[in-house]
Structure formats: structure tokens, C-alpha cells
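Have the sequence and the 3D view open as you read.

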Amino acid sequence: MAITQLTNQIMLMFLLMAVGLLINKLGFMHPQTASDLTNILLYVVSPCLIIKAFEQHFSAIRLRSLGLVMLGIILTYLAMVLITQVAFRSVKDRNLQRIMRFGAVYSNAGFMGIPLASALFGNNGVFFAVASLAGFNLFCWTHGIALFRSHTGDRDWRAILLNPNIVAIVLGLLLFVSPFHLPSLLNQTVTAVSSINTPLSMIVIGNSLAAVRLNRQALNYRLLWALACRNLLFPIIDILLLRLLGVTGIPFYTTVLMAACPVAGNVVLFTLQAHGETTPAVTLMSVSTICSLVTIPLVFALGSL
């Protein structure tokens, strides 16, 4: 895949983010509106996009590739969790440590990765991107949320299994392996809803970045280590593991794309829920997103070697 095509698509997304920033500055989007749109994206639009991706003829080769991709993603998450646990152990500030650990491991795959995969590779890209989405939900709602809770053994398995994106993956797989397809009218509805994912996602991200105030007080030098892990080191580890598993083509590039995405916005939400200081979380997410304009094409260039 041409790096130029990827760079152009990322530039388009940043322009859409600029639209979101402008909307914020004009006062057209209030906090409640942004929250409602986020829920619509996560729990309605994204599931539709996933189901649409699975609405295609069954292929044993494609299913095998999906399994290998899922294995690579699980191994990558295990490596990231272990590395961050060891590397950031010396950070004494508990709030800062958990923000660094979470931010380094979890990418904004749903909001930024899925739109990029859809734009660059169409339904085939989203088909393999759902493996990354499944891995994210599995680890984020077990290991990730445990970082911000006093009782690390507390796991809300119902929230994981009933997450609309996980439900959509299960339904999509059933559609993929069965001879059945969505009725025409329902298929058109799913297609129409999923088509708004990219512009709406970027506008919501741009709106959230509008509230960020970067200054010396907000920039903690230790966050640079988490930034380096999220934007460069961990995507490179993902590349190596996928290569070892023999993953190539669209499955490879889609998975690398998802891994190269910037810090997930959940780091801010979980910090708020834990009543922690959110400035490091917002700063890490914002700087990571801005840097991804350069680091995503760089990771892809490394993956193409």
C-alpha cells in the first residue's frame, strides 16, 4: 500500500478534526452533545460498520487469516501489559503511573483505526480490524479498567460480553459462516448508518481536542515514555509478531494500522471515574493524536520493509 495514500487519508481525517475544533469554538457542540454523539458512535454506528464488514461470502482462507490476526493481537497485548508493568513501576505517583500504563497499551482503534481501515481497504479492512476491536474490548475492560480500581479482581464480564461491538462481531461471524444474508432493506439501513462513522468520529475527536490547553504545567516529561511506547514501540512489536505468524497483505496492514493509532480516549474517562487528576491523561491523549500524523505513516513504512 502506498504511504502517500495513507498520508493523504490521515490528512483528510485531521481536516475533519479541524472541523470538529471549529464547531467547538463556534459553540455549536456542548459537552452533553459530544457525550451523546460518542455513545451513538460506540454503540450504534460502530456495530453497524462491523456487521456490514461481515456481510460477504464465506472464505476458509479469510477465516484462517482472521484467526492468525487474533492470535497476534493477543500476544501483542500480553507483551504490552508486561512491558508497561515493569517499565513504569518506578513511577511513584499512582495516578500518573496508571495513566502511563493504560495510555501506552490501549490505542484509539475504534474511533480512528476503524475509519482508516474502512477508507483504505473497504469492507475487507474492517473485517480484519474487528479482531483488534475484540482484543481491545477484552483487555480494556479487564486489565485496563482494573488499573483504575482498588479491587483489581473485579471484572464486569457482563459489560464485556454485552458490549454492542462484541455482539456485532458475534452476529457478523454467524452471518459470515452461514448462507444467510441481511434482507435488502435492513442491509441498506446498516450501510447508511455505517457510512457516517468516519466524518462523525473525526469531528468528535476534534471537538475534544479543542478543550486542551498545552503548557509547561501540563507536559510531564515522563509521559514521553508512554507516548513512545504507544505510537512507535508497541506497533513495531505488533509488526514483528505478525511477521512471525506469517500474516501478510490486508490482514497485516489493517492490524498494524489499528496498533499504530494514538492513545485511547478511555484513559480520560477511567481517570475521571477514579477521581484522579485528568490533566496528564488529556495531555497524553492529545499529544499522541497530534504525533500520529507522523508516526502512523512511519510505522507503515517500517512494516513495508
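## A cluster of rings

Start with Tyr77, Phe102, Tyr106, Phe136, Phe139, Phe148 and Phe270: ring pairs join them into a cluster. Keep in mind that this is a predicted model. Searching the whole structure turns up 14 aromatic pairs.

## Phenylalanine 127 and its partners

One of those pairs is phenylalanine 127 with phenylalanine 128, an edge-to-face pair with 5.0 Å between centres and 85° between the planes. Both phenylalanine 127 and phenylalanine 128 are buried.

Phenylalanine 127 also pairs up with phenylalanine 176, this time in a tilted way, at 5.0 Å centre to centre and 55° between the planes. Why does this pair tie together parts that are 49 residues apart in sequence? Because phenylalanine 127 belongs to helix H5 (residues 109-146), while phenylalanine 176 belongs to helix H7 (residues 164-177). Like phenylalanine 127, phenylalanine 176 is buried.

## Charges over rings

Elsewhere, arginine 243 lies over the face of phenylalanine 252, 3.9 Å from the ring centre.

## The whole protein

Zooming out, you'll find 13 helices and zero strands. A compact globule of 305 residues would have a radius of gyration near 19 Å, so the protein's 18 Å agrees with that. Its C-alpha atoms fill a box of roughly 55 × 45 × 40 Å along the principal axes.

Of the 305 residues, 52% count as buried. The protein exposes about 14,000 Å², with carbon and sulfur atoms supplying 68% of it.

Definitions and conventions. Residues numbered from 1 in each chain as written. Predicted model: local features only at pLDDT ≥ 70, side-chain atom pairs only at ≥ 80, totals over all residues. Heavy atoms only, no water. Phe/Tyr/Trp six-rings, centres within 6.5 Å; stacked < 30°, edge-to-face > 60°. Buried < 20%, exposed > 50% of the residue type's maximum accessible area, 1.4 Å probe, protein only. Helix = DSSP H or I, 4+ residues; strand = E, 2+ residues; numbered from the N terminus. Lys NZ or Arg CZ within 6 Å of the ring centre and 35° of its normal. Rg over C-alpha atoms; globule rule 2.2 N^0.38 Å. Areas by Shrake-Rupley, 256 points an atom, 1.4 Å probe, with all protein chains shown as cover.
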